[in-house]
Amino acid sequence: MLGVLLVSACGQTESPPAATTTTAVSTVAPGATDDRRPFTGDWTTIGSRQVMDLGPGQQAAVFQLSGSLLLSGEQRINRGFQAHLIGFSDTTTGMQGRSVWTDEHGDKVFSELSGEGIGPGQLIEGKFVGGSGRYVGISGEYSFKWKRLGAIEGNELTGRVVGLSGWARLGSPSAVAPTTAGGPK
């Protein structure tokens, strides 16, 4: 009986494929919704830098900035953070940095930054790479331009960002649970 069923099944023609449409690839997991939280913001900073001259028109600098970061938007991830940034900027290779935003509960958002440099008006782009507390599993990106406030005195650097905007998607706190050794499970 099984043999008859198999032989008759092999002789059946396939059902025509369902109509296909071309759609953009979605980065949203199956069954999930696109829960991006757009935001804009203001970030005023103060910090320091150390510059090394590398020849005519060539410089490298290490810098550190901190200050208040206030976000706006109906779906923002939080109203405000204390933000810290460290980075390296080179007139040849551009700028690389890392930032930590800490909210009023001590929960943190981590991001990587890159751009042409830290000079006035240059675009800097950030990518969220994780967090702690309610921000575990966060993803998203943001960008801004730097505006220096006042003349640089010694190694002191003061400024604010212009045009800060981006989006974030909060992850599930259980998405990456720490083990007793401190790494992901």
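Tyrosine 142 is buried, with a relative accessible area of 3%. Buried here means under 20% relative accessible area, exposed means over 50%, and partly exposed lies in between (1.4 Å probe, protein chains only). Phenylalanine 128 also counts as buried, at 3% relative accessibility. The ring centres of phenylalanine 128 and tyrosine 142 are 5.2 Å apart and the planes stand at 35°, so the pair is tilted. This pair links distant parts of the chain, with phenylalanine 128 in strand β6 (residues 123–131) and tyrosine 142 in strand β7, 14 residues apart. Rings of Phe, Tyr and Trp (its six-membered ring) are paired if their centres lie within 6.5 Å; planes under 30 degrees apart are stacked, over 60 edge-to-face, and the rest tilted.

The model is predicted: local features need pLDDT of at least 70, side-chain atom pairs count only at pLDDT 80 or more, and totals for chains, interfaces and linings use all residues. Residues are numbered from 1 along each chain as its sequence is written, and side-chain values use heavy atoms, with hydrogens and water left out.

Along the sequence the pattern reads α-β-β-β-β-β-β-β-β. The strands form a closed barrel of eight, in the order β1-β2-β3-β4-β5-β6-β7-β8, with antiparallel pairing. On average, neighbouring strands of this sheet are turned by 25° against each other, direction ignored. These angles are taken between axes, which are lines fitted to C-alpha atoms (for helices, over the stretch in contact); angles run from 0 to 180 degrees between N-to-C directions.

Strands pair through backbone hydrogen bonds, either parallel or antiparallel. Two strands count as paired if DSSP finds at least two bridges between them. Strand β1 (residues 37–53) pairs with strand β8 (residues 156–169) in the antiparallel sense over ten bridges. Within this pairing, proline 38 stands opposite tryptophan 167, and phenylalanine 39 has glycine 166 as its bridge partner. Arginine 148 has glycine 159 of β8 as its bridge partner.

β1 and β2 run antiparallel and are joined by 14 bridges. Glycine 47 stands opposite leucine 65 in β2. The hairpin of β1 and β2 has five residues between the strands, and glycine 55 there takes a positive phi near 120°. Strand β2 (residues 59–72) is joined to strand β3 (residues 80–90) by eleven bridges, also antiparallel. Leucine 70 stands opposite glycine 80 in β3.

The structure holds ten aromatic pairs. Tryptophan 43 and phenylalanine 144 form an edge-to-face pair, 5.7 Å centre to centre with 70° between the planes. Tryptophan 43 lies in β1 and phenylalanine 144 in β7, so the pair ties together parts 101 residues apart in sequence. Tryptophan 43 and phenylalanine 144 are both buried. One aromatic cluster is formed by Phe39, Trp43, Phe81, Trp101, Phe128, Tyr135, Tyr142 and Phe144. A further ring, that of tryptophan 167, has the charged end of arginine 36 over it, 4.0 Å from its centre. A charge sits over a ring if NZ of Lys or CZ of Arg is within 6 Å of the ring centre and within 35 degrees of the ring normal.

Glutamine 96 lies in strand β4 (residues 94–102). Its relative accessible area is 46%, so glutamine 96 is partly exposed. Not counting residues up to four places away in sequence, glutamine 96 touches Ile86, Gly87, Phe88, Leu113 and Ser114. Contact means heavy atoms within 4.5 Å. The C-alpha atoms of glutamine 96 and isoleucine 86 are separated by 8.7 Å, and the two residues are ten apart along the chain.

Of the 185 residues of the chain, 31% count as buried. Among contacts with a separation of 6 or more, 47% come from residues 24 or more positions apart. The chain exposes about 11800 Å², and carbon and sulfur atoms supply 56% of this area. Accessible areas come from the Shrake-Rupley method with a 1.4 Å probe; for residues, only the protein chains shown count as cover.

Key: Helices (H or I, at least four residues) and strands (E, at least two) are DSSP runs, numbered from the N terminus.
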